[in-house]
Amino acid sequence: MRVLGVDPGLTCCGVGVIEGEVGAPISLVGVGVILTSSDLPLERRLLQLEKELLEWVNLYRPDLIAVERVFSQLNVRTVMGTGQAAGIALLVAAKSGIPVVMHTPSEVKAAVTGTGRANKAQVAEMVRRILRLEVIPKPVDSTDALALAICHLWRGRGNARIEAALVQEKARLKGLRTL
């Protein structure tokens with residue numbers, strides 16, 4: 001499975017593509033950042049972000065896109081930009097017909113390091129080790145995007161199985177109630 005991770009940001013949006021299967025080695029396919037200038041009007045920045053994300057999708061043909069779920073921060077302006085960038089990633093996924101999932105930062109940290117309270121340096125080091133890289137990708141936004149992709153590869157299928165089992169159990173219980 002090939003997963004494109006997107007760490008949304010309006011000024012610096014991290015992107016990373018990995019390939020692998022649960023229980024097998026994961027390999028790095030591509031990593032980078034999409035930069036937009038704060039001198040440009042917002043609509044131009046969002047358009048540029050969409051264009052460059054589409055280029056990543058067309059170049060790497062991911063099976064799925066994993067996007068960081070935006071959470072509330074103290075700086076409302078930062079949250080708005082992050083949310084707008086995440087929206088563009090969701091739009092690109094929808095336009096491309098690619099399934100999309102969202103993971104919280106603590107889910108990603110827990111999947112990659114074993115603790116949801118890991119710091120950026122710990123996450124970056126584990127990404128380096130998991131992907132067997134000589135150096136940690138820079139900037140941190142690109143490493144975060146790779147961590148998102150790893151998180152989904154490792155947790156996504158298990159989460160999907162749990163959800164399917166819950167749906168089946170609800171249907172079974174509903175059937176019992178109608179008897």
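This is a predicted model: local features need pLDDT of at least 70, side-chain atom pairs count only at pLDDT 80 or more; totals for chains, interfaces and linings use all residues.
Which backbone oxygen lies 2.3 Å from a polar atom of the side chain of Thr36? Keep that in mind while reading the points below.

1. Elements. The protein chain holds five helices and five strands. Read from the N terminus, the order is β-β-β-α-β-α-β-α-α-α.

2. Overall size. The radius of gyration of the protein chain is 17 Å. A compact globule of 179 residues would have a value near 16 Å, so the two agree. Along the principal axes, the C-alpha trace spans about 65 × 40 × 35 Å.

3. Packing. Of the 179 residues in the protein chain, 40% are buried. Take the contacts with a separation of 6 or more: 62% of them join residues 24 or more positions apart.

4. Surface and charge. The protein chain has an accessible surface of about 10000 Å². Carbon and sulfur atoms account for 57% of that surface. There are 22 positive and 17 negative charges, and their mean positions are 6 Å apart.

5. Thr36, its place. Look in the loop between strand S3 (27-35) and helix H1 (42-60); Thr36 lies there. Is Thr36 buried or exposed? Its relative accessibility is 5%, so Thr36 counts as buried. The cut-off for buried is under 20%.

6. Thr36, its partners. Leaving out residues up to four places away in sequence, Thr36 touches Leu10, Thr11, Arg45 and Gln48. Leu10 also settles the opening question: its backbone oxygen is the one 2.3 Å from a polar side-chain atom of Thr36.

Technical notes
Residues are numbered from 1 along each chain as its sequence is written. Side-chain values use heavy atoms; hydrogens and water are left out. Helices (H or I, at least four residues) and strands (E, at least two) are DSSP runs, numbered from the N terminus. The radius of gyration is taken over C-alpha atoms; the globule rule is 2.2 Å times the number of residues to the power 0.38. Buried means under 20% relative accessible area, exposed over 50%, partly exposed in between (1.4 Å probe, protein chains only). Contact means heavy atoms within 4.5 Å. Accessible areas come from the Shrake-Rupley method with a 1.4 Å probe; for residues, only the protein chains shown count as cover. Lys and Arg count as positive and Asp and Glu as negative; His and the chain ends are not counted. The place of a charge is taken as NZ of Lys, CZ of Arg, CG of Asp or CD of Glu. A polar contact is a pair of N or O atoms within 3.5 Å; within protein, one must be able to donate a hydrogen and the other to accept it, and residues adjacent in sequence count only if both atoms are side-chain atoms.
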